[in-house]
Amino acid sequence: MDRTSLMTGIEKNWEKFLSMPVSEKLPFFSRDSKIYDCLFAQQFDRASLSHIFSVADTLRTITKNKEGMDFAGSLLSHKRAMLYFVQPSTRTFLSFLNACHILGIKTGEIRDTSTSSELKGETPEDTVRTFSSYVDMIIMRHPTPNFVEKTAWLMNRTNRPVPVINGGSGKDQHPTQALLDVYTLHKSFSGEIDNKTIAMVGDLKRGRTVRSLSYLMKNYKNIKLIFISPKEFAMEKDILDFLKKHNIPFYETDNFREGIAQADAVYMTRIQDEHDKNKESAGVDISSFEFKTEHLNIIKKNAVIMHPLPRRSEIDPLVDEDPRAVYWRQERNGMWARAALISHIFSVDGQILKHK
Ligand code: CP
């Protein structure tokens, strides 16, 4: 189904649109055969990932001096973006804010619904529609499942559509985190992500980062996944079904030591207890899923240790000193990957590559 058919057909009813498979919805969130609204990790293919990584690499090189920074800052100085982050965030918010500023985009922000007219009873739908009266892009994090997608759906139906980027939605997806995670793998392994074994550890059931990262793995060859978690927080069936459909081998285990020993990348995550409804996390012992200095002797010599952050006790801060711990670089990579993505959406990525 193309975008025009989607505009005039089933999409008129949000619930029906939501129930469509993601693959069928993608044209609605694309323009000129490329990403317009960035909502799902499934929107990235190998070519677009590789392109965005080249743009990110080029941007970080050319902005090392004032002339390059001035050039980058002129590219989108005619644009404004709204950062609507009504769920706590440090690095996604700050990296998007700084990514916008690198490209010259002026920014506004709401970080708490108690400071917006939502407190007076305005619906979230009317709130996001209001943003589009003032800005050229909406970047958002929202606790309600699928609300970021609904915002993009609403925007595409107005006479002033603006692109929407998902900075984390409910428990479902965090596509730009997956983008920066794969960019970190790309940089850590000199562009060679094929043939790698990736262990994901922790709360795989409610961690939106591991869900989005699993989707991206379909773009690489001969990937193996190891899901290491307490049984209460095992990866959800929809992701396991996706991996089976794409012939990506995986196995699930609660044996942390055995799992991480086989991995080229160990992706640690924290328990997502903000999603607890009945204190589900309280009775779960996660002590055997924590990365301590003793585990540095178990993992491969060239492995990398990643974490989307923030962390609690799942990685001992003493591990930070090991060169295989890349999570601080990973968060910085996020700013460049997000700047590259925004430049791609606004079609100034070609100018960045030419500047090289
Ligand atoms: N990784 C991540 O989403 O971090 P924040 O919650 O700090 O944005």
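Tutor: Let us begin with a term: helices (H or I, at least four residues) and strands (E, at least two) are DSSP runs, numbered from the N terminus. Please also keep in mind that this is a predicted model.

Student: With those labels in hand, which elements each supply at least two residues of the lining of the largest pocket?

Tutor: They are α3 (22-25), α8, β6 (164-169), α10 (208-216) and α11 (237-245), and among them α11 gives the most, with four residues. The lining comprises 25 residues, and those nearest the centre of this pocket are Pro21, Val22, Ser23, Gln42 and Tyr215, while the volume comes to about 550 Å³.

Student: How should I describe the second largest pocket, and which residues lie nearest its centre?

Tutor: The second largest pocket holds about 400 Å³ of space, and its lining is made of 20 residues, with Arg141, Arg208, Arg270, Leu309 and Pro310 lying nearest the centre. Two or more of the lining residues come from each of α6 (91-102) and α10. By class, the lining of the second largest pocket has four nonpolar, eleven polar and five charged residues, and each of domain 1 and domain 2 contributes at least three residues to it.

Student: Turning to α8, why can this helix be called largely enclosed by the rest of the structure?

Tutor: The reasoning rests on a cut-off, since buried means under 20% relative accessible area. Helix α8 covers residues 147-156, and nine of its ten residues are buried, so the rest of the structure largely encloses it. The buried residues in α8 are Phe147, Val148, Glu149, Lys150, Thr151, Ala152, Trp153, Met155 and Asn156.

Student: Finally, how many disulfides does a search of the whole structure find?

Tutor: In general terms, a disulfide is a covalent bond between the sulfur atoms of two cysteines. Here the search finds zero disulfides. For cysteine 38, the nearest cysteine sulfur is that of cysteine 100, 13 Å away, and cysteine 100 is likewise in no disulfide.

Student: Are these two cysteines buried or exposed?

Tutor: Cysteine 38 counts as buried because its relative accessibility is 0%, and cysteine 100 is buried with a relative accessible area of 0%.

Key: Residues numbered from 1 in each chain as written. Predicted model: local features only at pLDDT ≥ 70, side-chain atom pairs only at ≥ 80, totals over all residues. Heavy atoms only, no water. Buried < 20%, exposed > 50% of the residue type's maximum accessible area, 1.4 Å probe, protein only. Disulfide = S-S within 2.5 Å. 1 Å grid on protein atoms, 1.4 Å probe; cavity = no way out; pocket = protein on both sides within 12 Å on 5 of 7 lines; lining within 4 Å. Points joined across faces, edges and corners; volume = space filled by probe spheres on them. Nonpolar A, V, L, I, M, F, W, Y, C, P; charged D, E, K, R; others polar. Domains from an automatic or database assignment.
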